[in-house]
Amino acid sequence: MSEISKFENARRRASKLLEKMTLTEKIGQLSQFGTSIYSDDHKAFEDHFAEGKIGSYLTIRDRKRINEIQSELVEKSPNHIPALFADDVIHGYKTTFPIPLAQSCSWDPEMTEKCCAISAKEAYRDGIRWTFAPMVDIARDPRWGRIMEGYGEDTFLCRCFARAAVKGYQGNEIGEKDRLLSCMKHFIAYGAVVGGKDYNSVDMSMQQLYDIYLPPFREGIDAGAATVMTAFNDLNGVPSTANKMLLTDILRKELGFKGFVVSDDGAVEELVNHGYAENEGDAGKKAFNAGVDMLMSGDIFNDHFPEFVKNGEISEEKINESVLSILTMKFLIGLMDDWKVDENEDTAFFAPEHLSAARESAEHSFVLLENDGVLPLGKHDKIALVGPMARNKRDVMGPWECVGEEERTVTVEEGLKRVFPETKISVCEGCDLETDDISGICEAVEIAKSADLVIVAVGQRHGTVGEAASTTRLRLTPPQETLINEVSKLGKPVVLLLFCGRPLVLTEYRDKANAILCVWYPGTETGNAVANVLSGKHNPSGRLTASFPVTEGQIPVYYNFFSTGRPAVGIQRFEAKYNDCQIEPLYPFGYGKSYTEFLYEDIKLSSDKMTEDGVIDISFTVRNTGKHDGYEIVQLYVRDLVASRVRPVKELKGFKKVFVKAGESKRETISLKAKELAFCHTDMTFSVEKGDFKLWVAKNALDNSNEFDFRVV
C-alpha cells in the first residue's frame with residue numbers, strides 16, 4: 001500500500017470513528033495531560049476516562065504505567081480510543097547523543113538522521129510514539145539558553161538538519177515500526193526573542209521572517225513532519241499561539257502542512273499574561289480558532305469548548321477537522337490497532353551499535369578552536385587531568401537528556417585511561433561547577449606541577465543552558481577561571497576541554513592554553529570520544545555553526561548581517577563598527593581547525609552565468625598536505641551585489657564534507673542552484689533577481705581567499 005493510500009485509508013477510518021463520537025469525546029482528543037509546569041505529573045486523570053476526555057499524555061516514561069493507563073482508558077472510554085504518549089526526545093532517549101547544536105557542527109545531516117532514528121527506536125520500545133523534536137529555530141543570540149536545542153545561526157544549514165531529523169524520527173513514511181511522529185518547533189521566530197530572554201517578544205519584518213526563520217519549517221514539512229508546535233513568543237505584537245496568520249494562512253495554506261498543531265506547555269493560558277485574552281476560556285478559544293489543534297496541557301478545552309460550540313464562538317466543524325487530523329495520525333502509526341507495549345523488551349537500550357553511533361557523532365561534533373601543535377597527544381609519562389568535568393557523568397549529557405542513565409556515561413578520566421593505558425593519569429577536580437569553592441585548586445596545581453601535560457576539563461552545569469536558562473554572562477564560573485589562570489602559570493603544555501551548550505567568551509583563555517577543544521555536551525560516550533580525538537584516533541573535523549563573540553557586548557553577532565551604507569573597512573571614523581572592539585567574532589561561523597592542513601586547488605565554475613532556473617557547478621580539488629587523514633568541510637558562500645532589498649554580506653549556499661588521506665587529493669563538486677538565490681521582496685513576492693554576484697569557496701565565513709564572480713541573466 002503506497003504512502004498516499006495509507007494516509008487515505010487512515011483518514012477514512014478516522015472519519016468513520018469521528019461520526020460515532022460525542023462532542024465531549026471529540027474535545028477530549030484535543031486535550032493532553034501529564035508532566036507540566038501547570039499540572040500534576042503523577043496523575044493520569046482517571047476521572048476523565050469514562051467521557052473520553054483525554055487524547056494524549058506527555059512525559060510518562062514507564063512501560064508498565066503506560067499499559068495500565070491505556071488498558072483502563074480504552075476499556076472505559078466511549079469509543080475505546082487509546083492515548084498518544086509523547087516525550088521530549090531531543091538528543092537521545094536512553095543512549096544520549098551530543099546536543100543538537102553540537103550535532104550541527106558535524107555538518108553531517110546524515111549522521112543526525114541516524115542519531116534521530118536510534119533515539120526513535122529506543123523511545124518506541126518504551127511506549128513513546130511522538131517526540132517534541134526537532135527544534136528548527138534559527139538562533140543568533142547565545143544569551144538564549146535554547147540555542148543548544150537547535151542547529152545554529154544559519155538558515156541553509158538548519159534546513160538540511162531539519163529534513164534529516166524529521167526523516168530520522170519518522171522514517172520514509174509515517175507509521176514505520178520503531179519510529180516516532182516528529183514535531184517541528186517552535187512556530188515561529190522563537191530564537192529571535194529580544195535580548196535573548198526566554199519567552200520574550202519578537203519584532204521583525206515579514207521579509208526577515210520569510211528569508212531567515214521560515215525555510216527550515218518549510219523543509220521539514222516537505223520531508224513529511226507530522227506535527228508542529230507553537231512558540232511562546234509574540235510576533236509583532238500577536239502571540240504565536242493565537243496568530244491566525246501564522247498558524248492558518250502561512251503554515252497550512254501556504255506551506256501545505258497536513259498534520260496537527262500542538263501548543264507549547266502552558267502557551268495557551270499564558271495568552272492572559274500577554275494581555276491578549278481575558279481569561280483561560282478566552283485564551284483557549286483564540287488559540288483554537290487561530291489554528292491550534294491540541295492543548296499542551298490541561299482542561300481548558302474540555303472545560304470551555306462545549307459552551308463555545310453551543311453559543312457559536314467555536315464551530316463543531318472546526319473541532320471535527322482537528323480531531324480528524326489527530327485520529328488519522330493515531331491510525332497511521334498503528335496505535336488504534338495495537339497500543340500495548342512489550343514490557344520485557346530491553347535489547348534496544350544502549351545497544352552496541354547505538355553506543356558506536358553516539359561516539360562517532362560526538363567525535364565529529366568537536367571543534368578544535370586552538371592548537372599550537374600539542375595535539376594530537378604524543379607519548380607522555382604523566383598527564384594531569386584537572387577540572388570539574390574530569391569525572392563528571394551528569395552534566396556532560398547536557399540539557400534535555402530525556403531518560404539517559406548517568407551511570408552509563410563514560411567520563412573523560414575513563415576514556416583517557418582506556419586510550420593511554422601506559423600513562424600515569426592523575427586526576428583532581430580542583431573546583432566546583434557552580435559555587436565559589438576554590439579549596440581544591442591548590443591540589444590541582446600541585447598535581448599539574450609533576451605532570452608532562454595538563455588537561456583542564458571545564459564547562460557549565462547542564463541546568464545553566466536550555467529552556468529558562470538565558471544569561472548575560474557567557475563565561476566560566478570564577479573558580480574555573482582561577483583554575484585555568486593558575487595552571488597556565490606553570491609553563492606546562494595545557495589542553496583546555498570546554499563543555500558547553502552555547503558560544504562562550506573565550507578571549508582571555510587563548511593565550512593560556514596550547515589547545516582549546518570545544519566538545520559541547522557529548523552525551524553517553526563522552527570519555528571515549530574525547531580520548532579518541534585527543535589521541536588522534538579521530539582527527540577533529542567539527543566547524544562552528546554559531547559564532548563565538550569576543551565579548552558579550554558584540555551580541556548578537558553572526559556572519560550573514562546586512563550590507564550597510566558605511567561598512568567597517570577602516571577608511572574613516574564614521575563606520576558601522578565598535579570603538580572598543582572588533583566587529584568580527586572571536587571564532588566565526590564555519591570555523592574549526594584540524595590536525596592536518598587542506599589546500600583548495602584548481603577551482604572551476606562550469607559557467608560564470610546562469611538563468612533564473614539554472615545551475616552552476618563549482619568543482620575543486622581538496623589536497624591534504626599534512627600527516628593525518630581527516631575530513632575537510634568545504635563551504636560555499638554567495639553575495640548578491642545589487643538587489644531591490646539590501647542583502648547579507650555573505651550567505652551559505654552549499655557545503656561538502658570530504659575525507660582525504662594524508663598526502664592525497666580528492667576532486668569534488670558543489671552545485672549552486674539559482675533558486676537558492678531567491679529572497680522575499682518588499683511586496684512579499686519571492687524570486688531570484690538578475691544581476692551580479694560573488695562566490696567564495698571557503699574554510700569559514702570570514703575566509704575570502706577563493707573569490708569568483710558570476711551573473712544571473
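Trainee: How many cavities of 30 Å³ or more does the structure hold?
Mentor: Happy to start there, and keep in mind that this is a predicted model. Rolling a probe the size of a water molecule over the atoms shows where empty space is left. With a cut-off of 30 Å³ or more, the number of cavities is 7.

Trainee: What volume does the largest cavity have, then?
Mentor: Y124, R129 and Q170 are among the residues that line the largest cavity, as are E173, R179 and I333. The lining divides into 5 nonpolar, 2 polar and 4 charged residues. The space inside the largest cavity comes to about 60 Å³.

Trainee: Which residues lie nearest the centre of the largest pocket?
Mentor: This pocket has a volume of about 780 Å³. Its lining splits into 19 nonpolar, 5 polar and 4 charged residues. Of the 28 lining residues, those nearest the centre are Y559, F561, I583, E584 and V649.

Trainee: And the second largest pocket: how many of its lining residues are charged?
Mentor: Its volume is about 680 Å³. Of the 31 residues in the lining, R159, D211, P215, A678 and F686 are closest to the centre. The elements giving two or more residues to that lining are α6 (155-170), α7 (206-213), α8 (215-222) and β21. The lining divides into 14 nonpolar and 3 polar residues, and the number of charged ones is 14.

Trainee: Good to know! Is R645 buried or exposed?
Mentor: R645 sits in the loop between β20 (630-640) and β21 (651-660). Leaving aside residues up to four places away in sequence, R645 touches Q207, D211, F562, F679, C680, H681 and T682. Buried means under 20% relative accessible area. Because its relative accessibility is 13%, R645 counts as buried.

Trainee: Why do the buried residues of α15 count as being on the same side of the helix?
Mentor: Helix α15 covers residues 412-419, and its buried residues are V412, E413, G415, L416 and V419. They are on the same side of α15 because the arc they cover around the axis is only 165°.

Terms used. Residues are numbered from 1 along each chain as its sequence is written. This is a predicted model: local features need pLDDT of at least 70, side-chain atom pairs count only at pLDDT 80 or more; totals for chains, interfaces and linings use all residues. Side-chain values use heavy atoms; hydrogens and water are left out. On a 1 Å grid over the protein atoms alone, a cavity is a set of points where a 1.4 Å probe fits but cannot get out, and a pocket is an open set with protein on both sides within 12 Å along at least five of seven lines; lining residues have an atom within 4 Å of a point. Grid points are joined across faces, edges and corners, and a volume is the space filled by probe spheres set on the points. Ala, Val, Leu, Ile, Met, Phe, Trp, Tyr, Cys and Pro count as nonpolar, Asp, Glu, Lys and Arg as charged, and the others, Gly among them, as polar. Helices (H or I, at least four residues) and strands (E, at least two) are DSSP runs, numbered from the N terminus. Buried means under 20% relative accessible area, exposed over 50%, partly exposed in between (1.4 Å probe, protein chains only). Contact means heavy atoms within 4.5 Å. The arc is that of the directions from the helix axis to the C-beta atoms.
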